[in-house]
Amino acid sequence: MSAHEAPARETTSPSAPATSSTAGTPCAPFAPSAFLVGGDWSPEQWDRDTWREDVELMRRAKVNTVSLGIFSWASLEPAEGVYDTGWLDDVIELITAAGIGFFLATPTASPPPWFTLAHPDAMPVREDGVRLTHGSRDTYAVSAPAYRDASRRIARMLAERYGSHPGLRGWHLHNEYGTLDHGPHAARSFRTWLQRRYGSLETLNQEWSTSFWSQRYGDWEEITPPRTTQYLHNPAQLIDFRRYSSDEMRSAMVEQREEIRAAGSSAPMTTNFMLPTWNHLEQWSWADELDVVSLDHYLDTTGPDAEAHVAYGSDLSRSWSGGPWVLMEQNAAGISLGDRTIPKSPQRMIRHSLGYIARGSQSSLFFQWRASLGGSEQWHSGLVPHAGASTRRFEAVCELGSILERIAPAVRLPADGPLVEAEVGILWHADGWWALETPHLPSDTIRYSDEVRATHRSFWRAGIPVDFVRPGADASRYRLLVVPCLYPLTGEQVTWLEQYVEAGGELVVTYLSGISDASLRIEPGGYPGRLRELLGVRVQEMLPLEAGVQVALDDGGVVEEWTELLETTDAEVLAVYAQGELRGLPAITSSARGSGHAVYLSARLRQDSRDAFFASVAERLEIVPTLAGAAQQGLEVVRRRGDGADHVFLLHHGSESVTVRGDGPELISGQDGASGVRIEPGDVGVLALAPGAPLELLPHPQS
C-alpha cells in the first residue's frame, strides 16, 4: 500500500467470513427478508449535507437498499495503487445507522483518467480501427492485462474492507458488461479462444468455410477480430467473435468474483444484464457463474406494449436465474424513444414496479436515487428529481415504498417448485440474436429480439404465463415449446427437440430456425435444414415480402415480411396461403411424432394473427390463463407462489374498473377478497390466497 494512501477506518460490526463458493455449486436462492427498494446512489457527486438529506428522504420513502460505487473508481483509487476509502466508510456508516443496506459495486465499468494515461493500450479499438480515449464510461479493452490486473486489485481491496459488513446485500460486479474491443489484445485472446474451440487450423478453416473469397488461414497469427473491411464479413467469424467476447467478459467478471471470495466474503454475487436491444452476453452461461441474476430494464415503447415489455424482461430474468432475481435498474419517470424521453406517470411507475415483482423480482431498484445536476446523464431521471422532494414523483416513490412494505409476505419463496408456474416455454439463446445480426440474409429486417418478443407478447395478451428455456434443458414440464427464429442449431439440440416431441410435447417452430449449424453453414437439401425430418416439411424457397405487403391465409390469419414455398413430406396442412403466387400452398403444418406434434410456421404472422394462432394452440392443449377473461379487460393477473401462500398480483392497464374474488385479504387496500376486490384503472392489488386457491372475475364491478 502506498505511503500516500488515505487512512482507512473499519466498518461496523463485521460478521465472520464464510468459505468461498465455486462456479457451478448450487447456492441458496436470493431471499431477502423484505422486498428491496431504492437504487443507485452516487454520494461522491454530492456534499455531506446532501448525504444527510438523502438519508432522511430515504427513510421517508422506506428505502432499504442502495447500490454504491458503480462509477466511483476515480474516487476510490485517485492514483494507481493509492486508495481512499474514508468517504465510503462514512457513507456506509451513515446508511447503516439508518437501517439501509447496500449492494457494493466493483467500479470497473469506468476506469479513471490516470488509468487511460498510464495504459493507453488498454483502451478499446472500434471495428474501424479507431482507438477510443477517455471521456465516457465503458472505455476499456477487456482483455488488456493492465485492465484485468487493476480490476482484480480494486475488487480485492473492496472485499477485504467491506466483504463481511452486515449491511452488504450483495456484490454488484462491474456494470452492464458489453464493451466490444477489436484491438491487439482482443486479437491475441480471440486466437487463443479459437484454438481451444477448434483445436487446429484445418478444423477452423472447414468450420468457417474459408475457401470462399480466398480466406483460408495458414497461421493462427493471420486471424484478427472482424474489423472494417471492403464488403461483407465471414458470418462464422462474426458469430464466433460475439461468442468469444461474451466468454472474455465473463472471464473478467469471474476473476473479480474469485478475488472477492478469496478475501472471505460470502455475500451473493450478481452483475446486471441489459435489455431491450443491447445484447453482447450469452446469458445462460453467465447465470451459471452468478448467485442471482439482475437486470437493468429500460422500456422502448410508450404504448400498451410497455406493460408487455415489463413482463418480457421479468420472465427472461426469472428464467435465466432459475428463480428469484433482482431488478437493479429501471427509469422512474420516463421512457426513452431515442430522440426524446416521454414521461412515465407515477401511477404507471408503481404498476410497472409491481409487474417485475409479480414475476419473481425481489426488488424494485432504480437508476438513480437523486438526479444528477451535471455530467453526461444529468437528464436521466432520479427518485429525487431536480425539482426536489416536494413533487408528485417523489410522493409516488414514498407510496411505492409503503406498498412494498404492505406486501412483504410475498417476498418469501416456496419450499419447492417454481415461483411462477408456466406450461409454455419459449426457446432463447444469444446465438439466435447474433446470427440474425450477420449481414446479407434474405431479409435483414427480421430481428431475433423482435420475433421472441412478439411470441411472448401473444401469451401475455392471453394472460398465459411463460418461461424461457435454455436449449438442452429439461423441458418436460412444458406442454408447449416455441422456437422462434433460432437460426443455428447443433445436432444435440435437434435431438433434444425430437425427444421432447416424441415424449408428448407440442412444438411450434417458426421460419429461420434450424437453417444452419453452429458455424452458420447452411444445411443443404431445403429449409428448415436440420429440422426438416422432425417437421415433415421441405422449403424450396424463402420468399420475403416487400415492406407493407400482406398476404391472407385461408384460416383468417394475415402474414407480413416473410413467406416460403413449402411442401409437405408427411405433415398435415393446417393453413394455406389464400392469395398471391403461393395461393393454395401450405403455410402452417403439423406433423405427428411419437406422442407429440411439431408445428411449422412458414410465414411471419401479423401480431393479431399471431395472437389468435397461439391462443388457439393453447386452447387445444387446455393451457388456461391465470384468470379467464381478465386480459380482455386490461387486467394483468400473475400468481407468484410463496411460502405457504400464493400472492396474486392484479395490475390494471385497462379503462374500466374490474372486480376479482378470491378467498383471502388484499394486502394493499385491506379489502376482503372473499367479498370481491375492486381494482380501478391504473391501480394495483395483491391478494394473499391459499396455494392453488381459485380466482373469479366478477361480471360487474361492485360498489
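The legends below describe close-up views of a predicted model.

**View 1. The largest nonpolar core and the residues that touch most of its other members.** This core comprises 176 residues, and the members that touch the most others are Trp41, Leu68, Trp171, Leu354, Trp428, Leu507 and Leu512. Helix 5, which spans residues 145-162, supplies the largest share of the core, namely 9 residues. In soluble globular proteins, nonpolar side chains tend to be buried together.

**View 2. The surroundings of Leu68.** When residues up to four places away in sequence are left out of the count, Leu68 touches Trp41, Pro43, Leu88, Val91, Ile92, Ile95, Phe102, Phe103, Leu104 and Ala105. Apart from the largest core, of which Leu68 is a member, lies another core of 15 residues, which includes Leu635, Leu650, Val660 and Ile679.

**View 3. The pairing of strand 23 with strand 24.** Strand 24 covers residues 646-652 and runs antiparallel to strand 23, to which it is joined by 7 bridges. Within this pairing, Val638 stands opposite Phe649 of strand 24. Strands of a sheet pair through backbone hydrogen bonds, either parallel or antiparallel.

How values were computed:
Residues are numbered from 1 along each chain as its sequence is written. This is a predicted model: local features need pLDDT of at least 70, side-chain atom pairs count only at pLDDT 80 or more; totals for chains, interfaces and linings use all residues. Side-chain values use heavy atoms; hydrogens and water are left out. A nonpolar core is a set of buried Ala, Val, Leu, Ile, Met, Phe, Trp, Tyr and Cys residues joined through side-chain atoms within 4.5 Å. Buried means under 20% relative accessible area, exposed over 50%, partly exposed in between (1.4 Å probe, protein chains only). Helices (H or I, at least four residues) and strands (E, at least two) are DSSP runs, numbered from the N terminus. Contact means heavy atoms within 4.5 Å. Two strands pair if DSSP finds at least two bridges between them.
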